[in-house]
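Colleague: I would like to learn how to read a model like this one, feature by feature. Could you take me through it, giving the general idea before each case?

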Amino acid sequence: MKMHISVIIPAHNEEKYIKRCIDSIKKADSVFPGNTEIIVVCNRCTDNTENIARENGANTLINEDRCIAKVRNAGIAAAKGRIIVTIDADNRMTKNTLREIYALLRSRKYIGGGAPIRFERYSFPLWCNDILCRVAFGVTGLYCGIFWTEKRTFDAIGGFVDKKAMEDVATAKLLKKYGKKKGKKYTTLRRNYLINSTRKYDDLGDWLYLKLMIKNAGMLLKAAMGDKTGMDKMLDEMFYEYNG
């Protein structure tokens, strides 16, 4: 069977969220005329993520890296689809996401792109974050969230940039640069978007990232000057070891 789209989901102990992510992909696949495979990359999982993923029709593979770029790249390497779509396990896509991605790539005008982000709930701090994301994406054009491009394009740029954080922005820059060489644009979905999980805000407060910036101002300054020891510790706590 010819595989048109492969959706890659990196997952570290995501038993609470993986089914709803897979369900959102299935809904998108139900209105997409092509064939879709779902690959869950189980990263250092000690819970029931792998079993739940399999029970809900996803393919799984095991990965032990402590770097989200490497986790995503492992899934891409195993993918059979001509088009690669990536989404995090606690997020969801809207119903016509796969159809829109396929149509944009078939137009041959675009090298790939990202998706607008909408939180699954809102408060004043989250509206502030939403506005900042929209402004940043609008100014830079480096939309992230859901990544999508052809597999051969990911292969050409070497996959996701090997960084523990901001790998999405670095990868978007590479895709944009590569697209320019090919006479194609890096873009974003117009009619669909990423439904962004508020799990960390639910657990740690809606002002979470502002508080982190204030609390870790000295460490962030050191990181900007090359000393990333403290940054790596914070990234481990907030992303690579977080199971909230």
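Modeller: Let us begin with helix α4 (residues 97-106), which is mostly covered, since seven of its ten residues are buried. Helices here are DSSP runs of H or I with at least four residues, strands are runs of E with at least two, and both are numbered from the N terminus. Buried means a relative accessible area under 20%, exposed means over 50%, and partly exposed lies in between, using a 1.4 Å probe and protein chains only. Before going further, please note that this is a predicted model, in which local features need pLDDT of at least 70 and side-chain atom pairs count only at pLDDT 80 or more, while totals for chains, interfaces and linings use all residues. Residues are numbered from 1 along each chain as its sequence is written, and side-chain values use heavy atoms, with hydrogens and water left out.

Colleague: Which residues of α4 are buried, and what is the phi of R108, which follows the helix?

Modeller: The buried residues in α4 are T97, L98, E100, I101, Y102, L104 and L105. After the helix comes R108, with a positive phi near 65 degrees.

Colleague: How should I read the sheet, and in what order do its seven strands lie?

Modeller: Two strands are said to pair if DSSP finds at least two bridges between them. In this model seven strands form an open sheet with mixed pairing, in the order β3-β2-β1-β4-β8-β6-β9. The strands β3 (59-63) and β9 (185-188) are its edges, each pairing on one side only. On average, neighbouring strands of the sheet are turned by 25 degrees against each other, direction ignored, where the axes are lines fitted to C-alpha atoms and, in general, angles run from 0 to 180 degrees between N-to-C directions.

Colleague: In which sense do β4 and β8 pair, and which residue stands opposite I84?

Modeller: Strand β4 (residues 83-86) and strand β8 (residues 147-150) are antiparallel, pairing over four bridges, and the residue in β8 opposite I84 is T149.

Colleague: How many aromatic pairs does the structure hold?

Modeller: Rings of Phe, Tyr and Trp (for Trp, its six-membered ring) pair if their centres lie within 6.5 Å, and planes under 30 degrees apart count as stacked, over 60 as edge-to-face and the rest as tilted. The structure holds eight such pairs. In one of them, Y122 and W127 have ring centres 4.0 Å apart and planes at 25 degrees, so the pair is stacked. Y122 is partly exposed at 29% relative accessible area, and W127 is also partly exposed, at 42%. A second example is F147 with F160, which is edge-to-face, with 5.2 Å from centre to centre and 90 degrees between the planes. Because F147 lies in strand β8 and F160 in the loop between α6 (151-157) and α7 (167-181), this pair ties together parts that are 13 residues apart in sequence. Both F147 and F160 are buried. Ring pairs also link F119, Y122, W127 and Y201 into a cluster.

Colleague: Which charged residue sits over the ring of F160?

Modeller: A charge sits over a ring if NZ of Lys or CZ of Arg is within 6 Å of the ring centre and within 35 degrees of the ring normal. Here the charged end of R72 sits over the F160 ring, 5.1 Å from its centre.

Colleague: Which residue forms a salt bridge with R72?

Modeller: A salt bridge is a side-chain nitrogen of Lys or Arg within 4 Å of a carboxyl oxygen of Asp or Glu. R72 forms one with E167, where the closest N and O atoms are 2.6 Å apart. As R72 lies in helix α3 and E167 in helix α7, the pair ties together parts that are 95 residues apart in sequence. R72 is buried, with 6% relative accessible area, and E167 is buried with 6%. The structure holds 14 salt bridges, among them K70 with D162 at 3.9 Å, N to O.
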